[in-house]
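Trainee: I'd like to learn how to read a protein model by eye. Could you walk me through one, feature by feature?

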Amino acid sequence: MPTLGLVLSGGGARGAYQAGVIAAIAHICSRQKIENPFQIYSGVSAGAINVALLAAQASNFVPSSKNLVNLWSKIDSDNVFYADLMALSRGGLQWMTELSLGSRGKDGMALRSLLSTHPLNTFLTEACKFQEIQKKINAGQLQAVSVSALDYESIATVTFFQGQSDLPTWERGMHRSEKAILGVEHVMASSAIPLLFPPIQIQGRYYGDGCIRNQSPCGPAIYLGAERVIAIGVRRRQDTFYSYHNKGDSEVPTVARVANVLMNAVMMDGLESDIQRINQVNDSLSALSTEERSRVAMRKVDALWIAPSVDFSELAKKREGDLPRIIRYILRGPGSLDESSEMFSYLMFTPHYCRQLIDIGFSDGMKEQDRIAEFLTQNNQESVRKTSRSA
């Protein structure tokens, strides 16, 4: 049976879109009577959160996907970060002191981030039963689960994975893997947006958001043995090469516009270029003979990429009033609403916005239902044939 992997990129609150697409996949699985379509889960940032919420459950894929949608439908900023005036004022004053005086304060500790993600830690601890991952691996339901984060010391992307005992680790340039018993700290590290969310310590090293330098989001799933992947992004295809449109003025960019550009670069979604590379490799392999293919260290990987059909930053602008007042004040302070829309779209952890993204994701997923069904049923048919032969 070709090993099927699910690859989820990241983007803060945009992860609600992935929940919608996953709901569409679950709907197709229900029609085809497929309980566990994916043998490998791989995610970064919000994608890591979704991977954990799917894999760390005692139930099969369909009920787990329903639980995922339910959680995203009800999520609020209070489940993710503290946004009270006292905490932000204290943090802002400390940053001003450190920037102006180079001070680390009386306790010798610099401020780690603008927001505290203690609520997200609590949320994941309650929602994810991480011990279920190994149970599923032992039962043969899963081959591996991975989440990726950036090591702030080595500036390398590290993929933490838990899987079957014979799976090897790998190292490719600035990307390496480590075997681990996955827990809330790994998911928190993968989703720690720089400056906004604090770095997370794992075994003495500090890690940040897995989207940073994430040029090959499908890589971990392929290294772990996936022969087919369904990848779900969080940006429109044209947004992958995002640029601010020239409106005919020549004004100096505001802090908000610069921050938006930096956020866009940091929270990159490398799925489009990664899928292009996979297709190029597949085309090259197809041109080789069977003997020639056996001599190259590459293999064909079928990939299906699903991306949003709308611009989420435009949706976020319309729901700006749903965010905590202090967050709106901070994001709008250095510039206009238009110039801060990208950051709004990542921090808009509100039920109304997330439900919108879920609905869009489900619709986009159902538009691809024929291709999704082809991926799922081919795997299921292969499994049935092998089971029949062994019997």
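Trainee: Let's start with the overall make-up. How many helices and strands does the protein have?

Mentor: This is a predicted model, so keep that in mind throughout. Its secondary structure comes to 16 helices and 10 strands.

Trainee: And what share of the residues is buried?

Mentor: Buried means under 20% relative accessible area. Of the 391 residues here, 53% count as buried.

Trainee: What do the contacts say about sequence separation?

Mentor: Take the contacts with a separation of 6 or more: 77% of them are accounted for by residues 24 or more positions apart.

Trainee: Let's zoom in on one helix. Which residues of α10 are buried?

Mentor: Start with its length. Helix α10 covers residues 271-286, and at 1.5 Å a residue its 16 residues should span 22 Å; the end C-alpha atoms are 22 Å apart, which agrees. The buried ones are Leu-271, Glu-272, Asp-274, Ile-275, Ile-278, Asn-282 and Leu-285. Look down the axis of α10 and these buried residues fall within an arc of 165 degrees, so they line one face of the helix.

Trainee: Which residues of α10 are exposed on the other side?

Mentor: Gln-280 and Asp-283 are exposed there. Then ask what the buried residues touch: they pack against β1 (4-8), α8 (219-223), β9 (228-232), α11 (290-294) and β10 (302-306).

Trainee: What about Ser-286, buried or exposed?

Mentor: Ser-286, which is also found in helix α10, is exposed, with a relative accessible area of 53%. Its C-alpha atom is separated by 8.5 Å from that of Lys-300, 14 residues apart along the chain.

Trainee: How many residues of α2 are buried?

Mentor: In α2, 10 of the 10 residues are buried, so the helix is largely enclosed by the rest of the structure. Among them are Ala-46, Ile-49, Asn-50, Val-51 and Leu-54.

Trainee: Now the backbone. What is phi of Ser-45 near?

Mentor: The thing to look for is a positive phi in a residue other than glycine. Ser-45 is such a case, with phi near 55 degrees. Ser-45 sits in the loop between β2 (40-44) and α2 (46-55), and at 2% relative accessibility it counts as buried. Gln-203 also has a positive phi, near 50 degrees. You'll find Gln-203 in the loop between β7 (200-202) and β8 (205-208), where it counts as exposed at 76% relative accessibility.

Trainee: On to the rings. How many aromatic pairs are there?

Mentor: Two rings pair if their centres lie within 6.5 Å. By this rule the count comes to 9 aromatic pairs. One of them is Tyr-17 with Phe-312, a tilted pair at 5.5 Å centre to centre and 55 degrees between the planes. Tyr-17 lies in helix α1 (residues 15-32) and Phe-312 in helix α12 (residues 312-318), so the pair ties together parts that are 295 residues apart in sequence. Both Tyr-17 and Phe-312 are buried.

Trainee: How far apart are the ring centres of Trp-170 and Tyr-223?

Mentor: Their centres are 4.9 Å apart, and the planes are at 50 degrees, so that pair is tilted. Trp-170 lies in the loop between β4 (156-163) and β5 (171-172) and Tyr-223 in helix α8, so this pair ties together parts 53 residues apart in sequence. Trp-170 is buried, with a relative accessible area of 7%, while Tyr-223 counts as partly exposed at 30%.

Trainee: Which residue lies over the face of Tyr-223?

Mentor: That's Arg-172, at 4.8 Å from the ring centre. There's another charge to look at: the charged end of Arg-228 sits over the ring of Phe-375, 4.2 Å from its centre. Ring pairs also link Trp-72, Phe-81, Phe-197 and Phe-349 into a cluster.

Trainee: One last spot. Which residues is Ala-307 in contact with?

Mentor: Leave aside the neighbours within four places in sequence, and Ala-307 is in contact with Tyr-17, Arg-235, Arg-237 and Asp-364. Ala-307 lies in the loop between β10 and α12, and it is buried, with a relative accessible area of 11%. Ala-307 and Val-234 are 73 residues apart in sequence and 6.2 Å apart in space, C-alpha to C-alpha.

How values were computed
Residues numbered from 1 in each chain as written. Predicted model: local features only at pLDDT ≥ 70, side-chain atom pairs only at ≥ 80, totals over all residues. Heavy atoms only, no water. Helix = DSSP H or I, 4+ residues; strand = E, 2+ residues; numbered from the N terminus. Buried < 20%, exposed > 50% of the residue type's maximum accessible area, 1.4 Å probe, protein only. Contact = heavy atoms within 4.5 Å. Expected span 1.5 Å × (residues − 1). Arc of directions from axis to C-beta. Phe/Tyr/Trp six-rings, centres within 6.5 Å; stacked < 30°, edge-to-face > 60°. Lys NZ or Arg CZ within 6 Å of the ring centre and 35° of its normal.
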